[in-house]
Each structure stands twice: as structure tokens, then as C-alpha cells.
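Please look through the sequence and the model below before reading on. The paragraphs that follow walk through a few parts of the fold, one after another.

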Amino acid sequence: MMYQDGQTVKLHGMVHSHRALGEITFFDLRQRTDLLQCVMNSDTRINGADQLRDEQAIRIEGLMQAEPRARGGFECHVMNIEVLSSPAETRPVHLGKRIRNVGLDADLSLRPITLRHQFYRAMFRLQEGICRGFRDYLASSAGFTEIHSPKIVASGAEGGSNIFRLDYFGRKAYLAQSPQFYKQMMVGVYERVFEIGPVFRAEKHSTVRHLNEYTSMDFEMGFIETFADIMDVEEAMLKHLLELLGSEYKAELELLQVKLPSIDRIPRVRFDQAKQMVAEKYGRKIKNPFDLEPEEERLIGELFAQEHNSDFVFVTHYPSKKRPFYAMDDPEDPRYTLSFDLLFRGLEITTGGQRLHDYQQQCDKMLAKGMDPTDFADYLMIHKYGMPPHGGLGIGLERLLMMLTGQNNVRYCALFPRDQSRLEP
């Protein structure tokens with residue numbers, strides 16, 4: 001909000017913190033997007049309470065005065081305060097410049113309160129900006145249609161054991177691991193579609209990079225000529241997203257001390273070449289020829305930052321053995337797929353690629369993987385009745401935010417994280 005020196009204002013908000021210095025009390029008024037420094041003295045009238053307390057909801061009337069030391073360059077000299085409500089108990093944590101003496105587990109247990117801190121308010125404003133940039137570019141500049149697919153499903157898109165099972169009125173059902181099947185179906189309707197929504201993975205892990213429920217930003221597009229078309233769209237979207245953050249989220253970036261990466265052209269390297277490059281440069285033995293270990297991802301990110309001045313790198317042509325049944329094999333070498341991951345500062349934030357669109361090829365690949373095509377009759381309907389060459393990707397929102405802001409645990413980047421041990425609040 002823009003103020004003028006000497007302007008009379010009527011404002012509302014929450015008392016974020018206060019401190020008394022003799023007859024003068026300073027307090028921060030927590031408004032929708034920022035904190036406003038306020039000053040009151042013994043002449044200030046308080047209606048509705050005996051004294052000022054943290055987390056009171058108040059309305060104030062006062063005069064704005066220029067103060068270069070205050071956040072935003074102004075402070076409010078308060079004449080009247082109307083207390084609308086007061087807390088029943090003292091807040092359990094201090095919300096000053098830092099959340100003091102609170103570990104991650106206690107932080108998560110107190111999330112309804114700790115989220116009021118400026119760190120988290122800025123963090124999740126950036127999360128909003130990421131979703132906004134993703135949506136704006138795809139819908140306004142790239143001709144995509146937003147969809148909303150079901151999260152209770154009859155079968156898993158990824159298969160395997162990492163799927164949450166439900167009793168759905170006496171029938172077996174599952175929480176969706178991905179909107180994969182539905183976004184492919186909708187390519188046959190709108191050609192280009194996207195979705196931002198939750199996905200669920202019942203993986204029994206406890207790492208700083210995994211959640212059992214996270215937000216996936218997905219898109220799928222038809223009539224592609226090559227799977228590189230998908231990477232081109234993601235690259236253009238990321239450029240737009242970062243420009244939006246830089247122009248409209250400057251205060252949040254400054255508070256979190258975030259330096260936005262720049263994107264010119266994201267380098268691309270084959271999976272097998274990337275593994276060999278890391279093995280040679282860092283003297284590592286290749287242990288798993290079919291996937292990237294977290295340490296390999298980190299070193300690939302480090303290598304491309306040093307040699308190509310890029311925080312991003314596309315790793316392409318992952319082995320068929322480690323990609324889902326709907327991934328298209330490379331016709332030049334079926335051991336590999338026309339797929340990719342996008343690494344950002346050494347962490348995978350995107351998985352994507354071209355899908356099989358031919359009915360018989362999809363059935364044959366299912367059979368080769370020991371799957372029964374009749375279990376996927378609804379999904380295979382799109383192949384049976386005609387689909388264009390198509391592909392897409394999914395981006396992990398919390399992981400992208402984690403790497404953008406330099407956090408060491410993805411739980412800091414989820415409002416109310418869900419992992420093996422946490423179901424509340």
C-alpha cells in the first residue's frame with residue numbers, strides 16, 4: 001500500500017509483536033501482505049481491552065509519517081485503537097525476526113501459529129507466485145486449458161506398492177499417484193491441458209526431499225513432433241514464471257534473500273552421458289546404470305553450473321527399465337525412452353516425456369511389463385479410438401520452492417506437510 005507523509009489512515013490487522021519503551025510502545029501491525037510499524041503513547045485511546053497484546057485483532061486510526069528506518073519507509077502514529085478480539089492465551093512462540101528455539105517438529109505441530117511469521121508468509125506468497133506464473137503462461141500464452149481430475153481412482157498411474165488404498169463403498173479404490181491417465185484423456189478433448197493439484201505416494205521414506213502428499217503442476221500436449229517440444233514449453237514457462245516473481249514479488253524475495261536464477265537456454269544431456277561425465281570428473285564409480293542417485297543429481301547440477309553457468313539441466317533418455325509403461329521407447333535404441341528429468345540446483349523437480357499413443361504398442365508394452373491390458377480398459381479407450389502424438393510433465397511445487405529459496409527440508413515448503421509420521425494439524 002502506498003502512503004503519503006501526514007496522511008490520516010484507518011487500518012485493520014493483527015498485533016504481530018509489541019515492545020514498550022517508557023511511555024512509548026512500538027508494535028507491528030500484521031496486514032494481508034506486510035507488517036506496518038506503529039507507534040502509540042500514553043495519549044492513544046484503546047477501546048475494548050485494558051492493554052495491547054500480541055495477536056489482538058484491531059482497527060486503528062492514525063497519521064502516517066515518513067521513517068526511512070521502518071519497513072516500507074513509513075510508520076503510523078496511532079491515535080485510536082479498537083480491539084475487536086483478544087487471544088485466550090499467550091502465543092506459544094515468538095514471531096520476531098526469527099522463530100526462536102523451535103525445531104522443525106515443534107514448528108510443524110504449531111503450524112497454524114508459526115505460519116503467521118514473516119518468513120512463512122513470504123515463502124507461501126512465492127509459492128502462490130509460482131502457481132500463478134505456471135497458470136498464466138500456459139493459459140494465456142500457450143493455449144492450454146485448465147482441468148481438475150479426480151483424486152479417488154480405481155487404479156494407480158504408476159502401479160507398484162507406493163499407493164494409498166481406500167475402501168470406497170465396499171470397492172477397492174486408491175488415492176491418485178498422478179493425474180497422468182486423465183490428462184492424457186483430456187489431450188483428446190482439448191489438445192493442451194494443465195492441472196495444479198495434490199498427488200499421493202505411499203512411500204515409506206523419511207528424507208528431506210520427499211512428502212507423501214505434495215502438489216504437482218502438470219501439463220500434457222498433443223501433436224508434438226518430438227519430446228523436445230515439451231522441454232521447450234517448460235523452458236518458456238519457467239522464464240515467464242521467474243520474470244513474474246522478479247517483478248511482483250520483490251519484497252518476498254528480499255525478505256527470504258532469494259537470488260533468482262537466470263535462464264537463457266537450459267542445457268540438455270543424455271542420461272548415460274551425464275552419468276559418465278560425473279564419473280570421470282569426480283572419480284565416481286557408476287553403481288546403478290538405470291537411475292540417478294541423489295548424489296549424482298547433485299554433482300550433475302554442480303558440473304553444469306560450473307561449465308555452462310546454468311542452475312538448470314535437462315537429463316534426457318532415461319532407461320526403459322525405470323520409466324512407466326506409458327513412456328515411449330526411443331525408436332533408435334529401445335533400451336532408452338523419449339523422456340527427461342529437469343534438475344534444478346542438483347535436485348530433480350520435473351519428470352516428463354513422450355507417451356505411447358498407438359493402441360497396439362501400448363498393449364504390447366503392458367504385456368512386456370507383466371501387466372494385463374484389461375485392467376486398464378478405460379485408459380486404453382483413448383488409444384483404441386485415436387490419439388495424436390503427445391507428451392507432458394509434472395513439476396513438484398514444494399521441491400521447486402525448496403530449491404528456489406535454499407531450504408534444507410521440503411517440509412518448510414508445504415503448508416501442512418504429510419509424511420510417515422505426521423497427519424496433523
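In this predicted model, strand E8 and strand E10 (residues 171-175) pair in the antiparallel sense over two bridges, and within that pairing Ile 152 has Leu 175 in E10 as its bridge partner. Both strands belong to an open sheet of three strands, ordered E8-E10-E9 with antiparallel pairing, in which E8 and strand E9 (165-168) are the edge strands, each pairing on one side only.

Lys 151 lies in the loop between strand E7 (145-146) and strand E8 (152-153). Is this lysine buried or exposed? Because its relative accessibility is 19%, Lys 151 counts as buried, the cut-off being under 20%. Its side chain makes a polar contact of 2.9 Å with the side chain of Glu 195, and another, of 3.1 Å, with the side chain of Ser 149. Apart from neighbours within four places in sequence, the residues in contact with Lys 151 include Tyr 174, Leu 175 and Ala 176, as well as Pro 179, Pro 198 and Phe 200. Thr 215, which is 64 residues away in sequence, lies 12 Å from Lys 151 in space, C-alpha to C-alpha.

Strand E7 leads on to another sheet, an open one of eight strands with mixed pairing, in the order E7-E11-E12-E19-E18-E17-E14-E13. E7 and strand E13 (268-270) stand at its edges with a single partner strand each, so one side of each has no neighbour in the sheet. Further inside this order, strand E19 (residues 390-396) runs antiparallel to E18, joined to that strand by five bridges, and strand E12 (residues 213-222) is joined to E19 by seven bridges, also in the antiparallel sense. Individual pairs can be picked out along E19: Gly 222 stands opposite His 390, Gly 353 stands opposite Gly 392, and Gly 352 has Leu 393 as its bridge partner.

In a regular strand, side chains alternate between the two faces of the sheet. In E19, His 390, Gly 392, Gly 394 and Gly 396 point one way, whereas Gly 391, Leu 393 and Ile 395 point the other way, and all of these residues are buried. E19 is accordingly described as mostly covered, with seven of its seven residues buried.

Within strand E18 (residues 347-354) sits Thr 350, which counts as buried because its relative accessibility is 0%. The side chain of Thr 350 makes a polar contact of 2.7 Å with the side chain of Glu 234. Leaving aside neighbours within four places in sequence, Thr 350 is also in contact with Phe 340, Asp 341 and Leu 342, and with Leu 393, Gly 394 and Ile 395.

Helix H7 (residues 271-282) lies across E13 and strand E14 (312-316), running at about 90 degrees to E13. Helix H8 (residues 294-308) packs on the sheet and touches E13, E14, strand E17 (339-344) and E18, with its direction making about 125 degrees with that of E14.

In soluble globular proteins, nonpolar side chains tend to be buried together. Here the largest nonpolar core has 62 residues, and those with the most contacts inside it are Ile 130, Phe 134, Met 217 and Phe 219. Beyond its neighbours within four places in sequence, Phe 219 is in contact with residues including Phe 134, Leu 138, Phe 144, Glu 234 and Leu 393. A second, separate core of 18 residues includes Val 9, Val 15, Met 40 and Cys 76.

How values were computed
Residues are numbered from 1 along each chain as its sequence is written. This is a predicted model: local features need pLDDT of at least 70, side-chain atom pairs count only at pLDDT 80 or more; totals for chains, interfaces and linings use all residues. Side-chain values use heavy atoms; hydrogens and water are left out. Helices (H or I, at least four residues) and strands (E, at least two) are DSSP runs, numbered from the N terminus. Buried means under 20% relative accessible area, exposed over 50%, partly exposed in between (1.4 Å probe, protein chains only). Contact means heavy atoms within 4.5 Å. A polar contact is a pair of N or O atoms within 3.5 Å; within protein, one must be able to donate a hydrogen and the other to accept it, and residues adjacent in sequence count only if both atoms are side-chain atoms. A nonpolar core is a set of buried Ala, Val, Leu, Ile, Met, Phe, Trp, Tyr and Cys residues joined through side-chain atoms within 4.5 Å. Two strands pair if DSSP finds at least two bridges between them. Axes are lines fitted to C-alpha atoms, for helices over the stretch in contact, and angles run from 0 to 180 degrees between N-to-C directions.
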